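The following note sets out numbered comments on the structure shown below. Each point is intended to be read beside the coordinates.

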Amino acid sequence: MDERASINFGRILTGVIVLFVVAFWGAQIQEQHRHVARKKVRFWHMWTAEWKDVVDKIVDRFNKSQDEYEVEALSVPGSGSDSKFILGVMGGDPPDVMAQWNPIIPPWADDHLLTPLDDLMTPAEKKAFDDQAYPVVKKIGMYRGHLYGMSIGINMSALYYLPKQLRDAGIDPDHLPATLEGLAKIGERLDRFDSQRNLTHLGWGPATFSEFAPLFGGGLYEWQNGKMTIVTPQNLAALQYLAGIRKKLGYDNVVRYNAGLDMNSASGGWPFIDGAMSITIDGQWRVEQLRKYAPTLEYRTAPVPPAAGGPTLAGVSNGNFMIVPSGAKDPIGAWAFIKFWSGLTDPDTAAEFYTWGGWLPLTPAIAQAPIYKAYLKKYPQFQTFVDLMPSKTISVLPPVPYQEFLSDQIGKMEDSALRGTKTPEQALNGLLFAVDHEISRRKELGYDR
Amino acid sequence: MRKNLTGYLFISPWLIGFFVFTLGPFISSIWLSFTRWDIVSSPMWVGAANYRALLTNDDLFWKSLGITLKYAVLAVPLAVVIGVLLALLLNSKIRGIAVYRTILFLPSIVPAVASSVVFVWILNPQIGLINGLLKRLGVIGPAWLSDTKWAFSSLVFMSLWGVGGSMVIYLAGLKDIPVYLYEAALVDGAGPLLRMRKITLPMLTPVIFFNLVMGVIGAFQYFTQAFIMTNGGPEESTTFYALYLFNRAWRYMDMGYASAMAWILFLIVVVITALLFRTQRKWVHYGG
């Protein structure tokens with residue numbers, strides 16, 4: 001080894017060390033927070049853009065409300081958030097609290113990734129939750145008798161309709177049909193086709209089996225005994241209803257019509273605003289969207305009517321909820337933040353946050369808070385969704401450990417029935433077969449013993 | 001010794017990356033394929049249960065394998081034919097040929113995600129470019145990505161978008177063919193077609209073979225476009241093997257099962273590649 005090589009080696013080594021020092025120092029600077037004396041609570045969420053601003057406002061409010069904790073919010077892109085969370089828990093560096101909306105509670109609770117929130121609650125808080133939380137809030141957050149997710153904003157679906165279009169078609173917008181069958185009939189009167197039978201305007205185009213099955217008294221899960229219920233007369237009727245309407249419109253027709261529309265637009269591009277459909281089913285967040293992007297639009301909301309003989313105020317829900325990972329460094333601080341945001345113990349303060357996001361409340365106390373009532377008065381269309389909250393027939397995705405698989409299979413089942421490649425009966429039997437297969441596969445591999 | 005150390009220090013980022021992110025996972029996946037592992041809890045040994053379940057109790061495994069094989073059989077030869085034809089066209093001595101070459105090569109360097117998103121719009125049945133052009137000709141185009149009859153073919157069609165990459169290699173191969181062979185053929189009175197059949201194509205076979213092998217391996221790993229454009233639908237008609245593997249691994253958190261799938265895929269690719277290598281003796285001509 002000559003002297004020159006030795007000098008070079010030394011230089012490289014020095015360079016590497018300098019790089020590490022700079023990187024480490026930079027990371028330290030980044031990690032500094034405003035209230036050094038306070039305990040840090042790391043909070044991950046998946047909101048971006050204007051929603052992130054709302055989250056930051058709530059975090060700021062929490063940090064100002066007390067002097068023990070400082071919550072640091074981090075927006076984690078939705079697509080990679082779940083794997084980042086899992087790797088964080090496994091690597092021993094998870095956040096203290098995370099806002100979620102994916103169906104993750106059963107599999108993550110089974111894998112001991114989550115801290116049961118009841119372990120963090122005082123008996124009084126537990127009692128308050130049990131006594132006051134809406135039924136659907138409990139359904140979403142509970143798994144195997146424990147609370148793993150605390151709702152901070154439930155999603156509900158209802159009808160949105162354009163009274164002018166109904167009036168123009170000779171339909172009284174003040175008296176919508178009381179059944180789904182009646183709705184299908186007026187939908188036909190509102191549909192428009194061109195000379196080549198291409199759909200040019202959609203009157204009423206329902207979809208998603210999970211949403212409609214409860215309106216027929218069906219659903220995929222029996223909550224009393226924790227069993228999947230797939231092939232039932234009610235579920236069959238729901239699928240037949242959806243497939244029947246699609247068949248009349250023509251599958252290809254609907255695909256083409258929808259392809260030209262941005263149905264998921266979260267801005268002024270939502271086709272309902274331009275009158276592309278007269279009656280549609282959508283979530284409560286559209287009220288806020290319409291306020292921002294179409295403040296002059298005349299529209300109304302109403303609960304989706306049941307099928308003849310079906311339960312009223314039924315449907316399906318999902319929502320945003322807070323989870324605390326296993327291994328969180330400050331679960332107590334996390335719980336303090338969750339309580340603050342959800343409004344379990346201080347509904348009047350939290351009610352304002354729910355109005356910022358256009359979210360549905362956790363408890364009737366929040367719905368009754370003056371600020372929330374003022375919000376409802378200002379946006380009466382929102383009341384429809386709040387009225388759904390006490391319903392016991394609002395369903396959620398079955399709490400089984402193979403939720404993602406189930407969700408995919410439900411989509412496939414619905415797709416094949418609505419395309420007409422399978423009869424509704426065959427499609428439901430196909431779903432049953434796929435689920436049974438998956439259960440037996442998981443058993444064979446030793447899962448879910 | 002210290003000189004060597006300096007060298008190793010320079011290549012250490014690559015070495016570390018290779019051992020940690022490639023070789024390590026590659027070897028550990030053999031063991032994982034015999035376990036039940038949801039990433040979170042410790043892997044549990046299940047023997048050959050994953051392989052048994054895959055081969056005897058998983059219809060989608062077979063279906064996705066069939067779809068991938070079909071894609072390899074259709075898309076790879078198509079890419080070879082189109083790639084060679086384009087290279088032959090771009091081998092001519094005409095004005096502005098460099099510009100044409102660049103234009104045809106450019107799409108291949110567009111990231112797959114970006115081109116997939118663009119193609120979702122191009123193939124939109126209502127407002128897409130293709131159906132817009134067809135409409136001018138009086139033809140109502142299909143719902144390319146939403147129709148079970150067309151979704152798979154659309155992806156095969158789209159695979160030609162990246163043919164510029166292999167085209168450049170064919171072009172290099174064409175440039176490498178000795179001119180004296182053509183001169184001798186001309187002296188012997190051989191016409192263009194005969195020169196193509198007897199000189200150009202045989203001399204190009206090493207390059208064709210290379211692209212064929214790479215194409216087959218790539219086809220069995222086909223994922224991005226299907227993930228973005230169809231997500232396996234409609235009705236599983238574009239559920240490619242790698243997409244199903246991804247779902248099992250990262251959505252259903254079934255890493256042991258997915259590892260078994262990966263190893264089956266690896267063995268299939270090895271066998272097919274070995275078969276291709278065996279056939280090359282009969283049709284690949286080396287040397288000038």
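1. Two strands are taken to pair if DSSP finds at least two bridges between them. On that basis, an open sheet of five strands in chain A has the order β8-β9-β12-β7-β13, and its pairing is mixed. The edge strands are β8 (192–193) and β13 (300–302) of chain A, each of which pairs on one side only. The model is a predicted one, and the points below should be read accordingly.

2. Strand β7 (residues 157–161) of chain A pairs with β12(A) in the antiparallel sense over five bridges. Within that pairing, Tyr160(A) stands opposite Thr280(A). Strand β9 (residues 199–204) of chain A, by contrast, pairs with β12(A) in the parallel sense over two bridges. Here Leu202(A) is opposite Met277(A), and Trp204(A) is opposite Ile279(A). In general, the strands of a sheet pair through backbone hydrogen bonds, in either the parallel or the antiparallel sense.

3. Which sense of pairing, parallel or antiparallel, joins β1(A) to strand β2 of chain A? The two strands run parallel, and seven bridges join β1(A) to β2 (residues 69–75) of chain A. Trp44(A) stands opposite Leu74(A) in β2(A). Five of the seven residues of β1 (residues 39–45) of chain A are buried, so this strand is largely enclosed by the rest of the structure.

4. Leaving aside neighbours within four places in sequence, Asn63(A) is in contact with Glu70(A) and Val71(A). Asn63(A) and Asp330(A) are 267 residues apart in sequence and 15 Å apart in space, C-alpha to C-alpha.

5. For chain A as a whole, the secondary structure comes to 19 helices and 16 strands. The C-alpha trace of chain A spans about 90 × 55 × 45 Å along its principal axes. Of the 449 residues in chain A, 45% are buried. Among contacts in chain A between residues at least 6 apart in sequence, 71% join residues at least 24 apart.

6. Chain A is divided into domain 1 (39–155 + 317–391) and domain 2 (157–316). The C-alpha centres of these two domains of chain A lie 29 Å apart. Eleven residues of domain 1 of chain A are in contact with 15 residues of domain 2 of chain A. On the domain 1 side, helix α17 (residues 383–388) of chain A gives the most, with three residues. The residues on that side of domain 1 divide into five nonpolar, six polar and no charged.

7. The contact between the chains takes 31 residues from chain A and 31 residues from chain B. On the chain A side, the elements that give two or more residues are α1 (3–31), α3 (78–90), α11 (251–259), α18 (403–419) and α19 (424–444) of chain A. Of the chain A elements, α18(A) gives the most, with six residues. The residues on the chain A side divide into 14 nonpolar, eight polar and nine charged.

8. In chain B, helix α8 (residues 164–175) has twelve residues and reaches 16 Å from its first C-alpha to its last, close to the 16 Å expected at 1.5 Å a residue. How are the buried residues of α8(B) placed around the helix axis? The buried residues are Gly164(B), Ser166(B), Met167(B), Tyr170(B), Leu171(B) and Gly173(B). Seen down the axis, they fall within an arc of 160°, so they line one face of α8(B). An α-helix has 3.6 residues a turn, so residues three or four places apart point the same way.

9. The buried residues of α8(B) pack against α3 (59–89), α4 (97–105) and α10 (192–220) of chain B. The face of α8(B) turned away from the buried side carries the exposed residues Ala172(B) and Lys175(B).

Terms used. Residues numbered from 1 in each chain as written. Chains lettered and ligands numbered in written order. Predicted model: local features only at pLDDT ≥ 70, side-chain atom pairs only at ≥ 80, totals over all residues. Domains from an automatic or database assignment. Contact = placed C-beta atoms within 7 Å. Helix = DSSP H or I, 4+ residues; strand = E, 2+ residues; numbered from the N terminus. Nonpolar A, V, L, I, M, F, W, Y, C, P; charged D, E, K, R; others polar. Expected span 1.5 Å × (residues − 1). Buried ≥ 20, exposed ≤ 12 C-beta atoms within 10 Å, placed from the backbone. Arc of directions from axis to C-beta.
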